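Colleague: I have a few questions about the words used for this model. Please set each value against its definition.

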Amino acid sequence: MSHRRDAARATDRWVRRLSGALGGGTWSRRSFLARTSIVGSAVAMDLKAFALKPVSAYDAVCGTMSACGDAFTAFCCTINHGANLCPETTYVGGWWKADRSVFCHGAPRYYVDCNGTADAHWGCHCSESPTCDRRKVACNVFRYGNCNLQIANHGTAVVCRVVTCTPPWQWDPTCTETSFSDEVTGTQTAPCLPPPYASPILVKWSDGGGAGGALGPPRGEPRSLTDGDGTWARFEHGAVYDVHWLGVYAVTDPIWAVVRPRIGRDGIGFPAGDATRLRADDGWSQAFANRSSGQQGVDAEAVAVRPLGTHVVTGAVLSKWHALGAQAGLLGYPTSDTVPTADGLGTQGEFAKLHHGAVRYRGAIVAHPATGAHALCGRIYEKWRALGGEQGPLGLPASDRLGLGARHAYRNDFALPSGARVTSRGAIVATDELGTWGVWGFIHARWVADGAQHGPLGCPNSDVVATPDGNGTYATFHPLVAATATTGGAIVSAGGPGTWPLLGSLFATWLADQHGPRVLGMPIGPEVDKSVGGLALRTQPFSSGAVYDSPVGPSCVLYGAILQQYAADGGPTGSLGLPTSSVVVLPSGNERATFQFGTLTATPGGGVTRT
Amino acid sequence: MRTFDTAGIVVPVPPGWEARGVVPPAPAARLPDGSVAYPYVHLANVALPPGRAPYGGGVVEHLGPEGVLLALLEFAPGSARTALFTSHDAPRRLRPTEFSGAQLQRTLRGQLGLQRFFQLGGRALCCYVVMGGPPALRHALGDVNRVLTGLRVHEVVTSR
């Protein structure tokens with residue numbers, strides 16, 4: 001308690017010092033009179049009594065009708081340890097205003113009644129403050145009726161009055177804009193309130209509760225900002241900035257604790273508004289602007305969310321975040337500051353969507369001159385991170401999340417930048433049926449050329465991995481609808497032009513060979529489909545063999561001397577007709593394959609005979 | 001008794017009483033500070049000076065023991081849907097025991113007061129009565145109740 005009283009006394013001293021914005025230096029009766037130099041304020045402050053009678057400064061700064069018998073209610077800061085706030089066990093019962101107030105630089109001064117709660121026992125009494133504010137406490141059972149309308153009138157007294165230059169409906173969202181004016185109270189004040197024509201910083205601090213508010217007691221003197229931007233003052237839990245081109249705004253903890261070293265022209269700029277409460281009451285957000293950046297509007301936004309901490313979003317990442325709905329949108333709240341990309345040319349920031357205070361999914365925005373500003377989230381974000389993020393083979397996001405026309409099926413495109421150019425592209429596709437997989441490089445290019453998810457391959461159901469024989473890479477695919485023998489499969493790449501799709505059973509045949517004899521090698525051309533003698537034939541060439549797939553010979557693998565002889569004989573349209581078996585190795589060491597109209601047998605070191 | 005109409009708030013005026021209404025220059029329009037003013041009516045058995053505050057500031061200081069001020073104040077129409085204004089009629093017949101020296105905006109010695117929030121015709125209203133002293137309660141409560149019994153309001157005239 002004594003600590004709070006000390007704070008209140010310190011507040012009174014500082015109120016006087018800050019009122020030195022009127023002039024500065026030691027505060028005395030005469031200097032105060034000279035500094036105010038405003039007839040209106042002289043009347044308001046009962047300065048005749050102040051100047052002529054042997055009374056303390058405290059007596060003069062209570063204004064008119066400050067005795068208990070005058071039947072007005074005491075100011076809250078008088079009875080609430082210096083806090084210009086409704087005390088505990090009270091609620092905001094209503095407000096009125098006095099227009100053209102010298103206490104608010106000619107704007108209205110607002111008076112907010114703090115009524116006792118139904119279960120509180122304040123008891124009517126005169127203020128016991130050592131100051132001149134001896135007005136009544138909790139004596140008049142009365143409601144102005146324009147705040148907290150959800151509270152029925154249960155007949156409790158007005159405990160004390162808060163005064164602000166901030167409109168009550170902005171000061172407390174329970175207040176309505178229904179206006180009542182009472183000029184009689186316009187000349188009433190207290191030592192714990194700013195004097196007439198106080199500095200905007202002092203008024204701001206007082207409107208926020210003074211020493212008992214979010215800013216806390218003052219720390220040090222008001223100071224000028226460099227480059228003539230304005231003035232600022234430090235408080236225990238924050239600061240107030242009066243910037244000529246922005247206005248007067250406070251920065252308080254927890255945002256203050258993080259942004260403090262970054263406020264200024266060389267950082268995120270200056271506050272461009274007060275902190276606003278986030279949806280669901282889970283934190284605060286505050287905008288900052290920097291004229292030196294040459295940009296209009298907001299340049300940075302600090303967001304403080306209880307489970308995630310305080311982070312600053314800036315520049316292109318901020319613009320993108322807002323375009324996506326900011327905290328209410330796809331990405332939710334920031335979980336990192338905006339930081340440079342690895343090459344220093346772009347920026348990126350991480351985000352998290354909350355659900356009942358827990359992280360539902362994570363995401364990111366990456367902005368780069370080569371790719372633009374794009375967002376990714378959820379499974380796609382996690383896959384991108386698992387594949388190395390911006391340092392991985394996918395590089396940076398090159399699109400926002402794209403719907404694939406199926407439920408919970410999404411795709412993000414990526415690109416590897418080199419300076420401001422793109423050298424390679426990729427994609428991550430997430431579906432409920434297939435999972436979340438990434439493809440990139442030549443395989444991605446072939447997939448896109450073949451129609452991507454709309455083509456016969458469908459969507460990836462593996463990342464890009466090395467072939468079993470180590471001679472290339474491949475990724476597997478599956479259609480979102482039911483697969484057939486000619487859909488789904490893989491794209492196999494030996495690099496560059498040696499990248500071909502293997503559809504359906506052709507892929508199954510190649511993969512079995514890769515895990516077995518490895519006689520086929522890598523694909524060297526596309527699948528060729530034709531009709532031979534009324535039979536559908538699918539063939540695909542490989543570096544050391546070929547696959548023939550027909551109703552008379554499913555997935556026949558030919559290679560070596562037998563394949564050479566078959567080709568010399570005219571292949572499927574030659575005299576042998578279609579293969580009806582793969583090449584098999586006989587116990588004798590000979591190799592043999594059967595065809596519709598004959599058999600080819602190859603002898604090791606010898607020729608090929610037809611029977 | 002003559003009747004007095006201010007912005008659709010219609011009251012009978014007892015003989016010897018004065019009635020004054022205050023209607024904002026642009027009812028329900030925003031004032032420069034963004035707030036919105038609504039009409040109010042003052043009735044008193046004393047002269048009503050200019051510059052009165054809505055809840056009687058400027059009048060109650062001058063009420064003698066027999067003096068009475070009755071204020072009817074309107075609020076934003078949306079207020080009528082709230083708990084504070086749940087009473088669906090005006091207080092028509094006030095009893096002496098309902099008044100007290102505490103139910104006052106300004107607890108001046110000897111005065112007695114009463115405040116009731118209610119809705120009537122879809123409009124949110126407050127009835128605030130200040131009796132200058134016990135003599136007023138004895139002699140003027142009948143007139144107050146005649147005013148309240150005759151109180152009528154027209155449909156909401158404001159758009160807000």
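**Terms and values in a two-chain model**

Modeller: Chain A has 14 helices and 39 strands. The model is predicted. Of the 611 residues of chain A, 54% count as buried.

Colleague: Where is A:G145 placed in chain A?

Modeller: A:G145 sits in the loop between β5 (140–141) and β6 (157–164) of chain A.

Colleague: Which residues are in contact with A:G145, leaving aside its neighbours within four places in sequence?

Modeller: Contact requires heavy atoms within 4.5 Å. With those neighbours set aside, A:G145 is in contact with A:G93 and A:G94 from chain A, and with B:F75, B:L84, B:F85 and B:F117 from chain B.

Colleague: How far is A:G145 from A:N590 in sequence and in space?

Modeller: The two are 445 residues apart in sequence, and their C-alpha atoms are 104 Å apart in space.

Colleague: How many residues does each chain give to the contact between chain A and chain B?

Modeller: Chain A gives 30 residues and chain B gives 30 residues. The area buried between the two chains is about 2,400 Å², and carbon and sulfur atoms give 57% of that area. On the side of chain A, the residues that lose the most area to chain B are A:F142, A:L149 and A:F180, together 22% of what that side buries.

Colleague: Why is helix α13 (residues 505–514) of chain A called largely enclosed?

Modeller: Seven of its ten residues are buried, so helix α13 of chain A is largely enclosed by the rest of the structure. The buried residues are A:S505, A:L506, A:F507, A:T509, A:W510, A:D513 and A:Q514. Among the elements of chain A that cover them are β29 (473–478), β30 (489–493) and β31 (499–503). The cover also includes β33 (535–542), β34 (545–550) and β35 (553–559).

Colleague: Which residues of helix α11 (residues 378–386) of chain A are buried?

Modeller: In α11 of chain A, the buried residues are A:G378, A:I380, A:Y381, A:K383 and A:W384. An α-helix has 3.6 residues a turn, so residues three or four places apart point the same way. After α11 of chain A comes A:G388, whose phi is positive, near 110°.

Colleague: What is the order of the elements in chain B?

Modeller: Chain B has one helix and nine strands. From the N terminus on, they run β-β-β-β-β-β-β-β-α-β.

Colleague: Why is chain B called as compact as a globular protein of that length?

Modeller: The radius of gyration of chain B is 15 Å, and the globule rule gives 15 Å for 160 residues. The two values are close, so chain B is as compact as a globular protein of that length. The C-alpha atoms of chain B fill a box of roughly 40 × 30 × 30 Å along the principal axes.

Colleague: How much of chain B is buried?

Modeller: Of the 160 residues of chain B, 60% count as buried. The accessible surface of chain B comes to about 6,500 Å², with 54% of it belonging to carbon and sulfur atoms.

Colleague: How many positive and negative side chains does chain B have?

Modeller: Chain B has 16 positive and 10 negative side chains. The centres of the two sets lie 2 Å apart.

Notes: Residues are numbered from 1 along each chain as its sequence is written. Chains are lettered from A and ligands numbered from 1 in the order in which they are written. This is a predicted model: local features need pLDDT of at least 70, side-chain atom pairs count only at pLDDT 80 or more; totals for chains, interfaces and linings use all residues. Side-chain values use heavy atoms; hydrogens and water are left out. Helices (H or I, at least four residues) and strands (E, at least two) are DSSP runs, numbered from the N terminus. The radius of gyration is taken over C-alpha atoms; the globule rule is 2.2 Å times the number of residues to the power 0.38. Buried means under 20% relative accessible area, exposed over 50%, partly exposed in between (1.4 Å probe, protein chains only). Accessible areas come from the Shrake-Rupley method with a 1.4 Å probe; for residues, only the protein chains shown count as cover. Lys and Arg count as positive and Asp and Glu as negative; His and the chain ends are not counted. The place of a charge is taken as NZ of Lys, CZ of Arg, CG of Asp or CD of Glu. Buried area is the accessible area (1.4 Å probe) that two parts lose on being put together, summed over both.
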